[in-house]
Amino acid sequence: MRAVTVHEFGNLDKAGVEEREDPRPGDGEVLVEVRAAPVNYVDLVTFRGEYQFKPALPYVPGKGPSGVVRAVGAGVAGLAPGDRVLAMAEYGGYAELVAVDHRQAYRLPDALSFVDAASMSLGFDTAWMALRDRARIRPGETVLVLGATGAVGLAAVQLARAMGARLVLAGVSRPERFSAAAAAGADAMVDLSRPDLRNSVREQVLAATGGEGVDIVIDPLGGDPFDGAVRSLAWRGRLVVIGFAAGRIPVLKANYPLLKNIEVSGLQISDYRKRLPELVAECYREVFAFHQQGLVTAPPSTTVALAEWKTAFRTVDAGGATRRQVLVPGA
């Protein structure tokens with residue numbers, strides 16, 4: 001098979017598409033013929049050697065490919081050759097074939113294309129887990145999504161609306177891009193390009209909520225937006241930390257959660273796939289059901305041939321992309 005192979009962390013010159021031996025499914029695994037694989041920001045972090053988990057070199061990058069089951073290993077139940085699946089592999093997606101634990105392969109609805117499924121992966125399961133498990137969203141609550149035009153942010157806006165949120169606020173650093181969040185279901189913008197975010201975020205949230213604050217904050221940014229968002233929570237509010245795309249890991253004094261009876265929790269989605277695969281399966285069942293009902297849609301995407309993977313990599317690395325980059329091995 002052809003596969004992108006990384007030989008040295010952070011060095012694109014030491015990475016390229018190579019011929020590798022076809023993987024074989026081990027016990028409890030399925031072999032998936034990859035039809036589409038998203039280029040995720042976390043793929044870049046892993047490539048740099050900066051992610052929580054470092055793969056052994058050389059490795060094939062790529063989380064969350066979609067494709068067709070070609071073969072199954074011993075002990076696999078519920079999947080068979082020919083099934084269309086989203087395979088939440090930790091690595092290996094930038095290839096023509098990948099072997100993955102059958103518990104992390106989710107059968108796709110007929111109406112969901114491989115490219116759309118790949119473009120939804122990682123963003124939608126992260127957002128779902130943040131809202132359902134960590135924040136315990138209830139119908140009628142109010143939600144602030146920071147980084148609302150990113151993959152996780154747009155997914156969180158759509159899912160919050162589908163889950164019955166009364167008001168969804170979109171935190172955006174480029175006001176001209178709020179239209180994308182509005183199309184996903186956001187009611188109003190919180191402008192993260194304003195100065196003094198510690199105060200200006202709270203001022204905007206209070207104005208939008210009639211002085212009450214928000215019940216839930218989904219935060220993939222950290223930094224100054226976190227400082228303002230945590231002060232924007234209503235009594236018994238919940239803030240979920242997903243990442244630190246703003247660059248700074250914030251610090252919170254422990255008396256603040258006590259004074260307002262608020263919660264600050266974290267989410268690392270890979271652990272859920274390893275420790276609670278049944279909950280991730282529930283996640284995708286609901287996400288796919290929402291998609292079939294027209295309550296959520298896949299983000300817009302651009303397909304890129306596997307041989308041009310570095311172009312997609314650089315597009316994501318540059319930031320500001322408005323479309324998901326999806327590799328198509330067969331192109």
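Predicted model: local features only at pLDDT ≥ 70, side-chain atom pairs only at ≥ 80, totals over all residues.
Strands β8 (residues 142-145) and β9 (residues 167-172) run parallel and are joined by 4 bridges. Strands here, like helices, are DSSP runs numbered from the N terminus (E, at least two residues, for strands; H or I, at least four, for helices). Two strands are said to pair if DSSP finds at least two bridges between them.

Residues are numbered from 1 along each chain as its sequence is written, and side-chain values use heavy atoms, with hydrogens and water left out.

Now widen the view from that pair of strands. They belong to an open sheet of 6 strands with parallel pairing, in the order β10-β9-β8-β11-β12-β13. At its edges are β10 (188-191) and β13 (263-266), each of which pairs on one side only. From one strand to the next, the twist averages 20°. Helix α6 (residues 197-208) packs on this sheet and touches β8, β9, β10 and β11 (214-219), with its direction at about 165° to that of β10. Contact, here and below, means heavy atoms within 4.5 Å. The angles run from 0 to 180 degrees between N-to-C directions, and the axes are lines fitted to C-alpha atoms, for helices over the stretch in contact. Helix α7 (residues 223-230) lies across β8, β11, β12 (233-241) and β13, running at about 155° to β12.

Back in β8, which way do the side chains of T142, V143, L144 and V145 point? T142 and L144 point one way from the strand and V143 and V145 the other way, and all are buried. Buried means under 20% relative accessible area, exposed means over 50%, and partly exposed is in between (1.4 Å probe, protein chains only).

Take L131 as a guide: not counting residues up to four places away in sequence, its contacts include V143, L159, M163, I216 and I218.

Buried in α6 are L197, S200, V201, Q204 and V205. They are on the same side of the helix because they cover an arc of only 130° around the axis, the arc being that of the directions from the helix axis to the C-beta atoms. On the other side, E203 and A207 are exposed. What covers the buried residues of α6 includes β8, β9, β10, β11 and α7. Just after the helix, G210 takes a positive phi of about 65°.

Why does Q204 count as buried? Its relative accessibility is 10%, so Q204 falls in that class. Leaving aside neighbours within four places in sequence, Q204 is in contact with M189, V190, D191 and R194.

A cis peptide bond with omega of about -10° joins L57 and P58, and P58 lies in the loop between α1 (41-47) and β4 (66-72). In the loop between α2 (114-120) and α3 (123-134) you will find L122, whose phi is near 70°, a positive value in a residue other than glycine. L122 counts as buried, at 10% relative accessibility. R236, in strand β12, has a positive phi of about 70° although it is not a glycine.

Finally, N40 sits in the loop between β3 (29-38) and α1. N40 counts as buried, at 3% relative accessibility. Its contacts, leaving aside neighbours within four places in sequence, are K63, Y94, S121, L122, V316 and R324.
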